[in-house]
Amino acid sequence: MKLLILAALFGLSLAQFNANTRNGRTAIVHLFEWRWADIAAECERYLGPDGFGGVQISPPSESIVVTNPWHPWWQRYHPIGYNLCSRSGNENELRDMITRCNNVGVNIYVDAIINHMCGAGGGAGTHSSCGSYFDANKKDFPTVPYSNLDFNDGKCNTGSGNIENYQDINQKDYVSGKVASFMNKLIDMGVAGFIVDACKHMWPGDLSAVYGRLNNLNTKWFPSGARPFIFQEVIDLGGEPITSGEYTGIGRVTEFKYGAKLGNVIRKWNGEKLSFVKNWGEGWGFMSSDKALVFVDNHDNQRGHGAGGASIVTFWDARLYKMAVAFMLAHPYGFTRVMSSYRWDRNIVNGQDQNYWQNMVAFRNVVNGKAFSNWWDNGSNQISFSREYPNEKLKARRKKHEGERSEKKKI
């Protein structure tokens, strides 16, 4: 059920594109479904020392609890209120995690579900992660509170009142205030920003109304006046009436073409070759690098949902996955997010976790801002490039080095 937000434009310039990472850090990791206590320990033991800039956490808000199937991952994307208790932990554990991660230079970015509450199939009663009462069938969510007057479903121009055709683009201030209050509580706790879920189902003006109400970041860890980093989930592989470009003016946007097209290249599908990525980025029809959040896979498409289909490379293709993530971290395009998930058949921790990428994350931090240069390929699937010196400087450095070796030989 989609919430109703009337646009009250506060100015597009208020949305932030700066991830607010510290100490020259350039990459974040999605610790999908991790508990707050475990994330705090991970920040202190590995992520801080290894140079990760931040963690994307799973939705912390109160949600339905589904027992058939047993506690599926998607239950957290069906909120029933904005209380901060989930299967990752309670509010105190969340606050402790944010503090401990910030103290070692690792930012926290919250997956914010603000487009909708749980659907009518969520039923009624107290089967929520906080034990709160709700009645999804009546659109009654008293902990916010929201009632049937706060939803857009009945105003949708379809027979059911729900979205029936995702190709049809046409399918209140009170609501935007409640959403902003939820996000501001997290900002005041110390989070650095948000990934906003399901943005393509909200008008950019409505989102701007919410972003404009957000507080500056907590000055205990961030500079005075720093704005929350906003990156928005907009699935756009082309051919849809809603495009990612409609949202790039108010925050960074997830570039879903990145993982889909890189998967084709890495798999050598459709005649694709690694040598073709010489102009990787905007040259492939991607959005501007300074507007893009990039990733090889995410929690949806690694399970066959979302965008990209079979081309998406995951840990099941271990060798290809290593190649894809290493290339992403080495290449300058976009702001990068590494995935740390679990096997979706047996719920076992995924062996391809963030610790595997620590050296490449360190490399990306060191070469941040350096030119992409000295490209070489064999016309097929062997490539090389540098991220340090333009050709002229590299040649001069090599010449100097060769001269020094020559002098040593003479001696």
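Visitor: What is the handedness of the link of Cys85 and Cys130 about the S-S bond?

Guide: In this predicted model, the link of Cys85 and Cys130 is right-handed, with 125° about the S-S bond.

Visitor: What makes the pair Cys85 and Cys130 a disulfide?

Guide: The cut-off is a pair of cysteine sulfur atoms within 2.5 Å. For Cys85 and Cys130 the S to S value is 1.4 Å, so the pair counts as a disulfide.

Visitor: Which parts of the chain does the pair Cys85 and Cys130 tie together?

Guide: Cys85 lies in the loop between E2 and H2, and Cys130 in the loop between strand E4 (124–125) and strand E5 (134–135). The pair therefore ties together parts that are 45 residues apart in sequence.

Visitor: Why is Cys85 called buried, and why does Cys130 count as partly exposed?

Guide: Buried means under 20% relative accessible area. Cys85 has a relative accessible area of 17%, so Cys85 is buried. Cys130 is at 27% relative accessibility.

Visitor: Why is the disulfide of Cys43 and Cys101 called right-handed?

Guide: The torsion about the S-S bond of Cys43 and Cys101 is about 90°, so the disulfide is right-handed.

Visitor: Are Cys43 and Cys101 buried or exposed?

Guide: Cys43 counts as buried because its relative accessibility is 0%. Cys101 counts as buried because its relative accessibility is 0%.

Visitor: How many disulfides are there by this rule, and what is the pairing of the bonded cysteines?

Guide: The count comes to two disulfides. When the bonded cysteines of the protein chain are numbered in sequence order, the pairing is 1-3, 2-4.

Visitor: Why is Cys118 called buried?

Guide: Cys118 has a relative accessible area of 0%, which is under 20%, so Cys118 is buried. Cys199 is buried, with a relative accessible area of 0%.

Visitor: What makes Glu33 and Arg76 a salt bridge?

Guide: The closest N and O atoms of Glu33 and Arg76 are 3.4 Å apart. The limit is 4 Å, so the pair counts as a salt bridge. The pair links distant parts of the chain, 43 residues apart: Glu33 is in the loop between strand E1 (27–31) and helix H1 (36–47), and Arg76 is in the loop between strand E2 (54–57) and helix H2 (91–103). Glu33 and Arg76 are buried. Glu33, Arg76 and Arg87 are linked in a network of salt bridges.

Visitor: How do you know that Glu91 forms a salt bridge with Arg95?

Guide: The closest N and O atoms of Glu91 and Arg95 are 3.1 Å apart. This is within 4 Å, so the pair is a salt bridge. Both residues lie in helix H2, four residues apart, about one turn of the helix. Lys185 also forms a salt bridge with Glu91, the closest N and O atoms being 3.2 Å apart.

Visitor: Why does Glu91 count as partly exposed?

Guide: Glu91 is at 24% relative accessibility, between 20% and 50%, so Glu91 counts as partly exposed. Arg95 counts as partly exposed at 34% relative accessibility, and Lys185 counts as partly exposed at 38%.

Methods. Residues numbered from 1 in each chain as written. Predicted model: local features only at pLDDT ≥ 70, side-chain atom pairs only at ≥ 80, totals over all residues. Heavy atoms only, no water. Salt bridge = Lys/Arg side-chain N within 4 Å of Asp/Glu carboxyl O. Helix = DSSP H or I, 4+ residues; strand = E, 2+ residues; numbered from the N terminus. Buried < 20%, exposed > 50% of the residue type's maximum accessible area, 1.4 Å probe, protein only.
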